[in-house]
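The following report describes selected features of the structure shown below.

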Amino acid sequence: MNLSIIGTGYVGLVTGACLAEMGNHVLCLDVDAARIAALQRGEMPIYEAGLPELVARNAASGRLAFTTDMAAAVAHGQLLFIAVGTPQGEDGAADLQHVLAAARDVAAHMAGGACQVIVNKSTVPVGTAARVRQQVQAVLDARGVAADFAVVSNPEFLKEGAAVQDFMRPDRVVLGTDDARALALMRQLYAPFMRNHDRLICMDVASAELTKYAANAMLATRISFMNELALLAERCGADIEQVRTGIGADPRIGTHFLYAGTGYGGSCFPKDVAALARTGQAAGQPMHILQAVARVNQRQKQVLLDKVARRFGDDLRGRRFAVWGLAYKPGTDDMREAPSLTVVRGLLARGAQVAAYDPVATASARQALGAPAGLHYAASAQAALQGADALLILTEWKEFRSPDWARLRQALRTPVVFDGRNLYEPAAMQAQGIEYHAIGRAAAAHDDCRAAATHDDRRAAAVHDGAPATALPDAGCAAAAHEGQGIPPAPEGSRAVAAPHALSTAMAATAAGEGAAPAAAPAPDTAAPPFLPFARPDIGEAEVAAVTRALRSGWVTTGPETRAFEKEFAAFMGGGVQAVAVNSATAGLHLALEAVGVGPGDEVIAPTLTFTATVEVARYLGADAVLVDVLPGTLNLDPAAVEAAITPRTRAIVPVHYGGLACDMAAILAIARKHGLRVVEDAAHALPATCQGQLVGRLDSDATVFSFYANKTMTCGEGGMALTHSEDLAARMRVMRLHGISRDAFDRFTSRTPAWYYEIVAPGFKYNLTDTAAALGRVQLQRLPAFVQRRQQLAARYLHQLAGLPLVLPADAPAGEVHAWHLFVLRLADGAPCSRDETIKRLSDAGIGASVHYVPLHRQPYWRDRYGLRPAQFPVAEAAWQRMFSIPLFTAMSDAEQDRVIAALRTVLA
């Protein structure tokens, strides 16, 4: 279809780019010539994840163009979207001057002919569609033109930071119109977005206009309600996080938008609440609740300032404060109504110096705040801390979730943190010796914090306001990330418990998700230290509580926890992917290969240096495994060997991201495209590694499979997740994981139409993940950023401390990429004093567990005999296997335990 978008702001640009992605020809218009020129050069006027790539791809294809010529835009579009701003007027009502001006401009260029549909995409109050119709008709009458047109209300429900994902996979599309022709065209337009489920909601125009305001007002109300409860919780000695858990467990309430903080901001909630209240006033129906919502939100923005004043006094002259986060929420550079504006201005007004840092919004903050005396924009989070009396956290950006606490304490004059987003676990902060003030948590004085204070700060009692553990990446729970609500923290009561061999207090901090380098565990009362296993999982109270809740819910098979886990995992990956939870990565690989069409007589290429599961799934499907060699540096699949192994029977390639380092996927995908092959990535080791700047799982492969086995970066005990960009492949895998049944038990037993009926559409497998495992996985996913940071710390320490020994150290990731460090694989160098097997034995004698990853498949009897494989066919893998061994590297490993490994290696290889 030919579409024109009037306005290239946040809504207009996202709408135009996403509709072009679906094959439409879209012309975007704006009266700002400079903005249009920048867009034509590929420069984005807003920060939105995934939008630059979308715009560039569709502009290059010719499906998306930009103009300032209204006549051309009207002539082009059968559907004309009005997506201009509706700022808040002085009386709180929405200012419609830009919407009505756009309507008149459209009418000035309309001609007779086929019906054109004017679509109100802007957020507008009830009655706007009628006013647009009147404006258009008046201009047409004045021109003497009898043009055929209709007006549709199609409100947007996009979350900044996840707008592309929201548009491409909407939870609903609301259409308001009384014109059957217009409705038919809108259904045709949105049909590609409805392939799996019809999410179109058709209603009258007034109801559609009111729906947008009602949705935002409801979410804002939940936020203000929780913020008001948080103030009461502090007075009563209660814990708002425990209260949230209790009420969120009620299915009538749910868990979204129940997180206390410094208030909401952004372009929608503040003005939409005010506009709806103004609409009620104009209609003679006062909106008392909404008036209170706005008042509570304005007061909440002062809460952190009040906490600072109680700690340091009203006169802040001579004080310096670090501020992390300026945008109203993560994932955007939007400063409109951001709580940081109130906090920073309040600190400056009290005479303080402020060093503020935001990873994205600094330019927007300069426009909003200017450059007043006392305000400095820091180049990094660490730079902002230098010499500050305290840190204030105002936006929950991912990079703030697991800071280096030792460096933070060293940089601050006093170890004080005011957390406006409740990012951290209070017990972990106490263990770090940090005085911690959060929102809505019961205050408790801590002598150790008081002792840590310096100079005149000793006069103030150190208050430790608890908060939940490290949160998901902001893409993680997109539904809770709208309008400054932020990403929900780790689940309730996430306090770590000791893993085997008695974790120390600082170890508990790491288990709670803080990523701090733990202290040594207390030495047992024996002559020899306990045996250090090769790996052990990091399980805390939050995981125990989550599994207990799942068990008590009655859904112990695949149910709501599994569905939530799938949604949260897809969001963690950045959206735009389908996630299918399975009971093992082996099951995921089997399903993925079946879904891409691998069958009897086909060949599947994979590396010989991998676990048998990688290729045994091909045999399950009647295909043959073709094993090839690996690269000497990375031990990853050799693209040249892949190219040489392709035959007419080759159907798929299964690259393995060995040890957590991503393969050369650019080369592998190029080979696959050249020969028309499918690619299924075995990413059992690779969460969350990156390749070409993207998370493994977001590349152009057909599917990617992760493992949640007990020794992986995060665990469900057993389990896995298959990712794909294809809704069809995902649908096939979901059906096949449950015996080929068209409806799972949760769907059947919670449906009203009729619950008992199902159809078997194919012979499938029993591969579904249970809710108990998914509940564990959801907590582990939230702790994943801290887990990875700890693994990276341990790997960096190994690389430094083991340099100089007769070892070949593992390859690190290229600059700008992330190594997941699932394994730390060493190879004995020439001149090593003992063999690989003797090295492992001596380490074991010293109480250190080691392993070998892997005995190459060409040496395994089944694969060797079936295909007649010989070591000479795989010189790189064979040479590596003779000398390789893996040493302990796991999240719950303390520095002292790592020191034992290093010391033992130095002794063995002396």
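## Nonpolar cores

Beyond its neighbours within four places in sequence, Phe321 contacts (heavy atoms within 4.5 Å) Val308, Phe312, Leu316, Leu347, Ala352, Gln353, Val354, Ala355, Ala388, Ala390 and Leu392. The model is predicted, with local features requiring pLDDT of at least 70 and side-chain atom pairs pLDDT 80 or more, while totals for chains, interfaces and linings use all residues. Residues are numbered from 1 along each chain as its sequence is written, and side-chain values use heavy atoms, without hydrogens and water.

A nonpolar core is a set of buried Ala, Val, Leu, Ile, Met, Phe, Trp, Tyr and Cys residues joined through side-chain atoms within 4.5 Å; buried means under 20% relative accessible area (1.4 Å probe, protein chains only). The largest such core has 61 residues, of which Phe321, Val323, Trp324, Leu347, Leu392, Leu408 and Tyr424 touch the most other members. A separate core of 49 residues includes Val582, Ala730, Phe874 and Met884.

Strands (E, at least two residues) and helices (H or I, at least four) are DSSP runs numbered from the N terminus. Strands pair if DSSP finds at least two bridges between them. An open sheet of three strands runs E24-E25-E26 with antiparallel pairing.

| Edge strand | Residues |
|---|---|
| E24 | 807–808 |
| E26 | 884–886 |

Three bridges join E25 (residues 825–828) to E26, and Val825 stands opposite Ser886 in E26.

In helix H29 (residues 771–801), 22 of the 31 residues are buried, so the rest of the structure largely encloses this helix.

Notes:
Buried means under 20% relative accessible area, exposed over 50%, partly exposed in between (1.4 Å probe, protein chains only).
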